[in-house]
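Subject: Structure for you to look at

Dear colleague,

I am passing on the structure below, together with some notes on its backbone. Please have it open while you read, as the notes go residue by residue.

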Amino acid sequence: MPTPDEVFEQVLAEETAKGSSPAVAQARAKAARVRAQRGAKNPSVPDKSTAPPPSSNPEASGSAAPSAEQGESKPAESKPAAAAQTKPAAAAKPASKPASGAPAKKAVGNGAGAVPERVQRLLAVVKPEAIQKVERQPMDRVNVWPHLMAAEMVALLVVLAAVTIFSIAVDAPLRELSNFNQTPNPSKAPWYFLGLQELLRYFHPQVAGVTIPTVIIIALFAAPYIDRNPSTSPDDRKLAIVLFSFFMLSFAVLTIIGMFFRGPGFNFVFPWEGGIFFEL
Amino acid sequence: MAKASGWNPRQKLAERFDQLHNGQFWRSIVRPGSMFRRGYADSPRNRAYVVMNSLLYHLHPVKVKRHGIKLSYTLCLGGLSFFLFILLTITGIYLMFFYRPSVGEVYTDMQRLHTQVSFGLLVRNLHRWGAHLMTISVFLHMARVFYTGAYKPPREFNWIVGVILLLLTLLLAFTGYLLPWDQLAVWAVTVGTEMMKQSPVIGDQVQFALLGGPVIGPETLLRWYTLHVLFLPFLIVIFISIHFWRVRKDGGISGPM
């Protein structure tokens with residue numbers, strides 16, 4: 001049976017031969033060494049409560065034996081030997097097949113009440129790529145508490161104060177009870193749809209009301225797949241920025257026209273001449 | 001009386017506090033490192049514990065990139081959208097106490113909200129202005145994400161979730177717009193839903209399903225109320241959760257430009 005250090009060397013050589021990166025090879029070899037160490041120690045550990053292990057640790061077996069006599073019955077005696085025999089095999093396995101989840105195979109206790117099965121808790125899953133990320137550049141990081149949370153708290157309070165003051169000063173509109181026989185002139189959609197309503201002046205309803213919104217939504221969804229340029233620097237993405245700014249600006253302009261420059265009959269009117277026909 | 005003469009109320013109170021602070025109940029709520037815990041000492045370990053041992057750990061990691069807390073990078077827009085959503089939930093629940101979504105009562109309820117309910121008008125104002133502000137901040141958040149290139153791999157999926165959140169925000173705003181049931185609300189919604197009728201093939205069916213009839217009526221009010229207070233908030237909370245979870249899974253805030 002190879003010693004843990006031999007297992008380490010062997011797995012490292014295998015992984016290097018397979019072409020894994022040094023970090024991954026090291027990590028797998030270390031994991032195999034730990035498994036080998038555990039496997040070598042194990043015969044004395046899990047069997048302690050039931051019956052004495054055959055050889056390795058006389059003191060431990062001496063102290064554990066009485067409890068075994070009291071608790072379990074005779075048939076258990078044959079099991080530890082079998083368990084002890086399987087252990088080296090399990091320990092050797094990681095050396096030959098490092099990535100195949102060898103620890104799980106170790107716990108093949110048959111449920112007859114002989115060897116208590118070790119219940120293993122899943123504490124973390126480490127993906128192989130994550131091991132490689134150990135090598136990534138260290139970044140300048142700050143504690144969320146207090147730096148980020150203080151900033152968030154201030155922003156929250158500022159906005160809450162602003163909204164509250166605005167709400168005290170300006171009342172939400174409530175006109176007369178709805179009347180389906182009397183269409184207000186002009187009748188306007190909520191402000192976030194006024195851009196579309198403005199488009200209705202220029203295009204067929206099917207274009208302005210359906211085609212253009214659908215195209216916008218699909219384009220937004222697909223933006224990361226249309227723009228394949230990986231750079232985030234503004235210098236490298238002039239086209240994307242220009243297109244997006246054009247889109248945002250044109251919608252803002254259309255919305256503002258719809259809000260302030262449309263009067264009765266949705267006809268063009270200057271707010272400083274005809275007044276404002278708009279309520280939020 | 002002998003007992004009473006030895007009774008020191010202040011000492012007793014201090015002891016009570018000691019008991020409370022050392023008790024299982026207190027310790028299971030106020031976790032190690034918490035700033036509400038007695039003897040909070042400012043140390044790197046406790047700074048980490050503040051986040052790690054509280055619900056906050058579901059939102060924020062223990063540490064973030066230094067550039068990420070710069071106000072000029074995020075402008076706090078995503079966080080503020082979320083805060084406004086919470087504000088709208090709280091004020092909205094208060095408004096629900098006094099609002100009946102049936103055509104006979106709705107307008108009277110609105111008037112009563114303005115004149116009789118304590119803080120009714122203020123809460124309604126908060127809800128309305130907060131809603132407009134949330135729509136704006138979600139728009140601006142999208143613009144910020146675009147200009148910083150934060151939608152690029154590995155964050156494509158989260159951008160899509162964000163677009164869904166934008167649409168849900170618009171739907172929430174639009175369904176809420178009908179609920180006052182005044183001339184402004186009803187005719188604005190009429191204009192909005194006329195556009196849906198233009199959808200090819202299924203236009204009429206879409207409009208019928210949304211309005212509960214060929215035109216706006218009592219069914220529309222109940223339907224949009226249910227969408228506004230139950231269905232859409234339910235959906236948006238799910239997508240907000242996914243959005244926040246993805247932010248961290250994709251490596252936290254996007255890198256410096």
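This is a predicted model: local features need pLDDT of at least 70, side-chain atom pairs count only at pLDDT 80 or more; totals for chains, interfaces and linings use all residues.

I begin with chain A and its cis peptide bonds. One of them joins Trp145(A) and Pro146(A), where omega is about 5°, and Pro146(A) itself is found in helix α7, which covers residues 144-169 of chain A. Another cis bond runs from Asn185(A) to Pro186(A), with omega near 0°; here the proline, Pro186(A), lies in the loop between α7 and α8 (194-199) of chain A.

In chain B, the points to look at are residues with a positive phi. Cys76(B) is not a glycine, and yet its phi is positive, at about 65°. You will find Cys76(B) in the loop between α5 (71-74) and α6 (77-96) of chain B. Is Cys76(B) buried or exposed? Cys76(B) counts as buried, because it has 21 C-beta neighbours inside 10 Å, and the cut-off for a buried residue is 20 or more.

Trp181(B), which is likewise not a glycine, has a positive phi of about 60°, and its place is the loop of chain B between α9 (156-178) and α10 (183-196). Trp181(B) has 24 C-beta neighbours inside 10 Å and therefore counts as buried.

Terms used: Residues are numbered from 1 along each chain as its sequence is written. Chains are lettered from A and ligands numbered from 1 in the order in which they are written. Helices (H or I, at least four residues) and strands (E, at least two) are DSSP runs, numbered from the N terminus. A residue is buried if 20 or more other C-beta atoms lie within 10 Å of its own, exposed if 12 or fewer, and partly exposed in between; C-beta atoms are placed from the backbone.
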